[in-house]
Amino acid sequence: MTMAPSGARENVEFAATAAWARPATRDLQPPDVTGHPQRIAIIGGGPGGLYAAALLKRLNPGRQVTVWERNAPDDTFGFGVVLSDETLGGIEHADPVVYEALQKHFTRWDDIDIVHRNNRQTSSGHGFAALGRKRLLEILHDRCRDLGVDLRFRSEAPYPDWLAQSYDLVIAADGVNSTTREAYADVFRPRVATHRCRYIWLAADFAFDAFRFEIAETEHGVMQLHGYPYAPDASTVIVEMHEDVWRAAGFEDLDEAESVERCAKIFGEALGGRPLRSNKSAWTTFRTVVNERWSHGNVVLLGDAAHTAHFSIGSGTKLAVEDALALAACLEEQPTLAEALAAYEEERKPVVASTQRAARASLEWFENLGLYLDQPPRQFAFNLLTRSRRVTHDNLRLRDARFTEAVEREFGCPPGTPPMFTPFRLRGLTLRNRVVVSPMDMYSAVDGVPGDFHLVHLGARALGGAGLVMTEMVCVSAEGRITPGCTGLYTGRQAESWKRITDFVHAQSPGTAIGVQLGHSGRKGSTRLMWEGMDEPLPEGNWPLVAASPLPYKPGSQTPRELTRAQLTDIREQFTAAAWRAARAGFDLLELHCAHGYLLSGFLSPLTNRRTDAYGGSLEKRLRFPLEVFDAVRGVWPEEKPMTVRISATDWAEGGTTAEDAVEIARAFAAHGVDAIDVSTGQVVSEDRPEFGRSYQTPYADRIRHTTGLPVIAVGAISSWDDVNSLILAGRTDLCALARPHLYDPHWTLHAAAEQGYDGPGVVWPAPYRAGSRRPQTGRTDAPKPRLTLET
């Protein structure tokens with residue numbers, strides 16, 4: 001969804017002036033921070049600030065509410081605004097007068113058109129409502145005036161410190177370039193990330209009949225148009241492209257009129273040859289704003305001053321209006337201002353963080369649009385529609401079953417078969433579905449021998465329906481263990497115990513494959529069991545550690561010895577011997593663990609490999625030892641059985657492995673015969689800072705898949721069968737590995753089939769369990785009550 005740009009002033013220089021204006025009245029009383037605020041100052045007259053003013057005045061007509069807006073009443077720098085049904089529902093309950101006024105001016109439509117390479121795909125059932133930004137402001141101006149809000153246009157707000165001393169509450173709704181936020185930057189602690197695409201906000205004097213995404217492949221690179229109607233005779237048009245494309249196309253040297261004319265020519269077919277118009281429009285680079293805190297004393301941030309989310313999911317005005325609703329409600333519910341502002345942050349921060357994650361996913365999808373140009377038309381459209389993870393396979397099926405079923409047929413799903421239950425082939429192994437039980441260390445072995453616990457743990461998950469069940473990291477030597485509880489494959493007794501487990505899986509869950517992950521702990525070894533202190537050294541009984549370079553994992557960790565050439569040969573032979581035992585134990589697939597900072601991963605990352613010999617330095621040299629181990633293992637592993645490699649596609653740390661490096665690492669293993677790349681991230685250095693979120697590692701798998709053509713396994717916070725279906729059908733991954741969901745529910749895959757009403761060859765219920773193949777009935781749950789309801 002696309003809507004007005006973050007911050008109505010994003011196309012205008014918004015630098016702080018040397019001195020803020022101060023109103024003539026100086027006899028205001030000190031602020032009251034103990035009860036409900038009676039004197040409220042609002043900086044910024046955008047939709048968020050105006051709506052907050054109207055709500056607060058309506059809740060208490062005796063309040064003094066003043067809004068400062070530096071621009072004129074009819075100045076606006078966007079064209080159309082999209083509001084979701086959820087946001088409109090909140091407005092309807094809180095202020096029916098505003099809701100009714102909005103209803104009169106909405107332009108509504110249901111379809112999304114995706115046009116690429118002269119192929120137009122339409123998806124219906126999306127339910128958009130839009131109106132002009134100018135009209136929205138007029139409605140809010142009228143409502144504020146009717147309620148008695150003091151609107152001061154063409155007026156610079158007084159300095160925030162003065163306002164804070166003179167008013168009970170100061171609401172900073174002054175946009176993405178908030179001077180209030182900068183004035184208290186040491187308290188709010190903002191982080192601003194600048195992204196890689198340029199865009200320009202324009203309009204056309206006709207109404208698109210759908211929300212339209214149009215892709216243009218030019219001699220300079222790919223460009224895209226986002227367009228939607230906001231009036232019977234007008235549409236918003238945003239033209240966006242990567243910074244490199246923007247420069248190559250010469251837009252840097254064009255003035256506003258020339259840019260507008262050039263964009264109209266590039267997207268002439270979408271526009272029907274009609275011109276575009278601008279309104280002080282300029283090429284802009286989107287910036288994501290995140291604040292650690294949203295309030296300071298009696299000053300609080302609202303809307304783009306507190307947060308921004310990329311326009312491609314239509315969130316700027318929506319978030320600002322929802323902020324205003326929540327702030328007004330918290331001020332009514334809480335006994336003091338301090339408690340109200342704390343409650344406001346507690347309520348809104350998780351919602352905004354979720355929206356920002358979705359917006360980031362959408363933004364990055366468009367930044368990397370070139371990766372997907374060769375997808376089949378319907379899959380390309382499905383990929384675009386589900387890019388933010390807010391719209392999913394199941395959600396899209398509800399909106400437009402015909403379109404979703406067409407994508408499934410094109411993908412190869414048999415009738416009535418969800419994407420996750422389509423088979424997948426790796427070398428001589430055919431997996432009956434796309435679900436993998438991810439490797440999970442159990443730390444429950446004795447002398448490296450898997451026991452009854454491992455039989456029950458892995459056996460239960462095999463009975464649970466997954467196509468592939470992976471062991472934990474199985475260590476190739478006693479010195480290569482992470483903890484004393486780690487399993488191994490360095491003795492015959494260990495191999496016999498593993499065979500007991502593979503025999504159980506093959507006999508009791510026919511069609512389920514079981515894979516072994518081989519690894520060596522490197523510098524992360526000789527530590528306590530996870531629940532006794534993860535990555536903490538053993539209090540006694542430590543064994544010496546080895547690594548690519550003599551660098552401890554974290555302060556207090558044991559310093560490893562740098563491996564000599566002779567020791568490298570010994571370790572390579574340990575891997576080979578373990579692989580030979582794994583083959584005799586009956587495993588169907590072998591994965592080489594080159595991730596998470598363990599030994600082979602330690603060679604790949606420049607943060608952990610400081611060697612100056614043939615095994616360190618350039619990426620090519622850092623790859624040398626992991627590739628030598630891979631070749632040695634492939635040499636003894638049965639030809640018909642697949643091998644995968646798990647990598648950390650980023651270290652989440654400055655100077656470490658990048659997404660581009662990960663692509664080259666995958667290419668190198670592909671050249672040596674790997675069958676798939678298992679794409680994880682991080683855990684290489686203790687100071688990493690992952691950007692956690694739903695399926696947050698999937699973009700790295702997606703990039704590797706579309707850049708190299710290799711099959712990939714996606715991992716990382718994939719928790720629902722809807723996520724699995726969405727990722728598979730969009731072509732972002734071939735297999736999905738889930739860890740924690742399988743700890744919560746060993747029969748996760750069987751239950752996913754039951755919940756989708758699927759009963760086919762992609763998943764088989766064990767005969768003793770078949771009576772449980774229907775989802776149990778549940779009790780009724782009531783919908784949540786409206787957040788804020790006011791009497792008319």
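This is a predicted model: local features need pLDDT of at least 70, side-chain atom pairs count only at pLDDT 80 or more; totals for chains, interfaces and linings use all residues.
Visitor: How many helices and strands does the protein have, and what is its radius of gyration?
Guide: Helices (H or I, at least four residues) and strands (E, at least two) are DSSP runs numbered from the N terminus. By that count there are 27 helices and 28 strands. The radius of gyration is taken over C-alpha atoms, and the globule rule is 2.2 Å times the number of residues to the power 0.38. The rule gives 28 Å for 792 residues, so the protein is as compact as a globular protein of that length, with a radius of gyration of 29 Å.

Visitor: What share of the 792 residues count as buried?
Guide: Buried means under 20% relative accessible area, exposed over 50%, and partly exposed in between (1.4 Å probe, protein chains only). Under this cut-off, the buried share of the protein is 60%.

Visitor: Among contacts between residues at least 6 apart in sequence, what percentage join residues at least 24 apart?
Guide: A contact means heavy atoms within 4.5 Å. Of the contacts between residues at least 6 apart, those joining residues at least 24 apart make up 74%.

Visitor: Which residues touch the most other members of the largest nonpolar core?
Guide: A nonpolar core is a set of buried Ala, Val, Leu, Ile, Met, Phe, Trp, Tyr and Cys residues joined through side-chain atoms within 4.5 Å. The largest one has 85 residues. Apart from it lies another core, of 72 residues, among them Phe153 and Cys330. In the largest core, the residues that touch the most other members are Leu489, Leu518, Phe575, Leu590, Val645, Phe669 and Ile677.

Visitor: Is Asn118 buried or exposed?
Guide: Asn118 sits in the loop between β5 (112-116) and β6 (119-123). Its phi is positive, about 65°, although it is not a glycine. With a relative accessible area of 73%, Asn118 is exposed.

Visitor: Is His596 buried or exposed?
Guide: His596 is in the loop between β24 (589-594) and α20 (599-604). It is a residue other than glycine with a positive phi, near 65°. At a relative accessible area of 9%, His596 is buried.

Visitor: Which elements do the buried residues of α15 pack against?
Guide: Helix α15 covers residues 401-411, and its buried residues include Phe403 and Val407. Gly412 follows the helix, with a positive phi near 110°. The packing partners of the buried residues are β6, α13 (377-385), α14 (393-399) and α25 (721-730).

Visitor: Which residues does Val449 touch, not counting residues up to four places away in sequence?
Guide: Val449 lies in the loop between β19 (435-437) and α16 (452-463). It counts as buried at 11% relative accessibility. With residues up to four places away left out, Val449 touches Arg493, Gln494 and Ser497.

Visitor: How many Å apart in space are Gly44 and Arg70?
Guide: Gly44 is in the loop between β1 (39-43) and α1 (47-59), and counts as buried at 4% relative accessibility. Gly44 and Arg70 are 26 residues apart in sequence, and their C-alpha to C-alpha separation is 7.5 Å.

Conventions. Residues are numbered from 1 along each chain as its sequence is written. Side-chain values use heavy atoms; hydrogens and water are left out.
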